[in-house]
Amino acid sequence: MSTANPQPLWQPDPERIAQARITRFQAWAAEHHGAPAAGGYPALHRWSVDQLDTFWEAVTQWFDVRFSTPCARVLGDRSMPGAQWFPGATLNYAEHALRAADGRADEPALLYVDETHEPRPVTWSELRRQVGSLAAGLRALGVRPGDRVSGYLPNIPEAVTALLATAAVGAVWTSCAPDFGARSVLDRFQQVEPVVLFTVDGYRYGGKEHDRRAVVAELRRELPTLRAVVHIPLLGTEAPDGALSWPELTSAGTEPTFEQVPFDHPLWVLYSSGTTGLPKAIVQSQGGILVEHLKQLGLHCDLGPGDRFFWYTSTGWMMWNFLVSGLLTGTTVILYDGSPGHPDTGAQWRIAERTGATFYGTSAAYVMACRKAGVHPSRDFDLARVRCVATTGSPLPPDGFRWLHDEVRGDLWIASVSGGTDVCSCFAGAVPTLPVHTGELQAACLGTDLQSWDPAGRPLVDEVGELVVTNPMPSMPIRFWNDPGGSRYRDSYFDTYPGAWRHGDWITVTSRGSVIIHGRSDSTLNRQGVRMGSADIYEAVERLPEIKESLVIGVEQPDGGYWMPLFVHLAPGAVLDEALLTRIKQAVREQLSPRHVPDEVIEVPGIPHTLTGKRIEVPVKRILQGTPLEKAVNPGSIDDLALLALYERMARERA
């Protein structure tokens, strides 16, 4: 992909640059901490990675992080893994998330939207009261710091309250969305042995009610460590025998008490997709998440009081945790529980309009679906308040950038961002003071020494290499649960380049400082020694209206050959005839190179995904190489296991 110096798609005007919180932070950090006053974002970023301790100290002061016990120093041991952040300091994440209640008690902290698309507010004072009551209720149930509290909940205010109450007690939160089946949930929760389970009786999606009481009953049977189950009657049913009701624990007017815990005390457990085994149980800390999310949301996303923050997500994805952290900046957080496309593809734009969202995040897949469906956001909705549309989950193709620019607003800030569950944050993405170039992430994030490396560990510019982070980030996992000695943690990120975090993505860092994501490096296509990302092929193929979705796999053959099939899920009514085959190959040849043209194009009834919506390339590759399905993939992590049987049959036939 060319990294020449093209004209930007969007350029912030001088007023916007001057008003950005990151601009004010740079001026303040220059005065108080020796940051460069000139040079804009590139100079600030260079300082933030060269003077890592000073930068993070500045972040805590700028955002008035309340340490109940001060730290001895900012960074003790800076080795990776094992960096020690703010040793000796104590604080509480939930205390910071509820600070806005002091001055803005009657303003909305949350706006809850279901498939009726009618927003319902929860004020700061009401959220604080409920958190206080629930935290007291958890303590009365015997929940102590370090205990695990789990939620089988949709994206509803009760889930936010439960997370914050858990953090207030110093317990450890973990959640799954209620569309996860029992086996998927147990693969996650059984690892951490929760003492309390918050559940719903069901959820609404796509205009239908989905009863989950049987799944909840199975979870109760299979989680022997549970001391209490709390029933939230989303569908209006009575609490099952032995369960507590939500009002029982939240109706008191109790002022919250915030347990002061060490900076590296566990805040929550997130899970990897678990496609090739049990999901990794990723533990992140109260302090690490607090300071990382303040930086990311307050500086990079430019959020603060008066903003309204909407990201389409579920409680089974790290973006939900990231969304809740919008409260840290005093922002009103918008929760949507329902289908992203109900009653029509434009649903998310309607929610952004009705809630007055100023920062709207979604998936690249949704943007491309809107483009294909002929949605016209600016024509059909009032989006005047939306300053930024951000995307993640997969690379946003150049066509997606252009569509947002043309169909939403010409002066729209488009932020494609990339990070991971592993850090619950972004490595690269939004910068309100930099231009946006089509198909590119604006820059590496502050405090993140993001580089592209070749196999020998040499940095690359304007060339494809491995995504590597060479300095510690506060939100990097403090450990994996049930990983004695930390071997699984080290093997996951530090086996390729000892002492540096290898994330498993192919990226290009351009000479302009922007970043291009090419897809996962562990499923990278390598044709005749030339490496290419799957995302580049998806971008070219899925522009064709006949292609609903695709999956490309590169399979090394025993005889030294290389087989690269492209699997296509066609749009309704489309036929994979010679004319379409020719157009697919022509699109790849002309937009990428003849080397990228697949060996075969194979129609399939659907593309398999993880439960969080990511295409599963590596397990399909392993199946095609002859690995039995049950060893290639964790069945509980896949949205439609039947789709994988096709690849298993194909592997047998080819053998």
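Hi everyone. Let's start with a pair of helices: α6, residues 124-140, packs with α7, residues 157-169, at an angle of about 55°, and their axes are 8 Å apart. That angle makes α6 oblique to α7. The crossing of the two, α6 and α7, is right-handed. Please keep in mind throughout that this is a predicted model.

So which residues of α6 meet α7? On the α6 side we have Leu127, Gln130, Val131, Leu134, Ala135, Leu138 and Arg139. Facing them from α7 are Thr161, Ala162, Leu164, Ala165, Thr166, Ala168 and Val169. Sorted by class, the contact between α6 and α7 has 10 nonpolar, three polar and one charged residues.

Helix α7 lies across β2, β3 and β15, and runs at about 140° to β2. The sheet itself is open, with seven strands in the order β3-β2-β15-β14-β16-β17-β18 and mixed pairing. At the edges stand β3 and β18, the latter being residues 413-416; each has a single partner strand, so one side of each is left without a neighbour in the sheet. From one strand to the next, the twist averages 20°.

Let's stay with β2, residues 108-113. Is β2 enclosed or open to the outside? Six of its six residues are buried, so β2 is largely enclosed by the rest of the structure. On one side, β2 pairs with β3, residues 120-123, in the antiparallel sense over four bridges, and Leu110 stands opposite Val122 there. These two strands, β2 and β3, form a hairpin with six residues between them, and His117 in the turn has a positive phi of about 65°. Strand β2 also pairs with β15, residues 332-336, this time in the parallel sense and again over four bridges. In β15, Leu110 has Val333 as its bridge partner, while Val113 has Tyr336.

Over to another helix, α4, residues 52-62. Its buried residues are Leu52, Phe55, Trp56, Ala58, Val59 and Thr60. What covers these includes α2, α3 and α11. Just after α4, Asp64 takes a positive phi of about 55°.

As a reminder, most residues other than glycine have a negative phi, and most peptide bonds are trans. Asp302 is not a glycine, yet has a positive phi of about 60°. Asp302 is found in the loop between α11 and β14, and is buried, with a relative accessible area of 9%. Asn482 is not a glycine either, and has a positive phi of about 55°. You'll find Asn482 in the loop between β25 and α17, and this residue is exposed, with a relative accessible area of 56%.

Finally, where are the cis peptide bonds I wanted to show you? One runs from Met80 to Pro81, with omega near -10°, and Pro81 lies in the loop between α4 and β1. Another runs from His342 to Pro343, with omega near 5°.

Technical notes
Residues are numbered from 1 along each chain as its sequence is written. This is a predicted model: local features need pLDDT of at least 70, side-chain atom pairs count only at pLDDT 80 or more; totals for chains, interfaces and linings use all residues. Side-chain values use heavy atoms; hydrogens and water are left out. Axes are lines fitted to C-alpha atoms, for helices over the stretch in contact, and angles run from 0 to 180 degrees between N-to-C directions. Angles under 35 degrees count as roughly parallel, over 145 as roughly antiparallel, 65 to 115 as roughly perpendicular and the rest as oblique. A crossing is left-handed if the near helix is turned anticlockwise from the far one by less than a right angle, and right-handed if clockwise. Contact means heavy atoms within 4.5 Å. Ala, Val, Leu, Ile, Met, Phe, Trp, Tyr, Cys and Pro count as nonpolar, Asp, Glu, Lys and Arg as charged, and the others, Gly among them, as polar. Buried means under 20% relative accessible area, exposed over 50%, partly exposed in between (1.4 Å probe, protein chains only). Two strands pair if DSSP finds at least two bridges between them.
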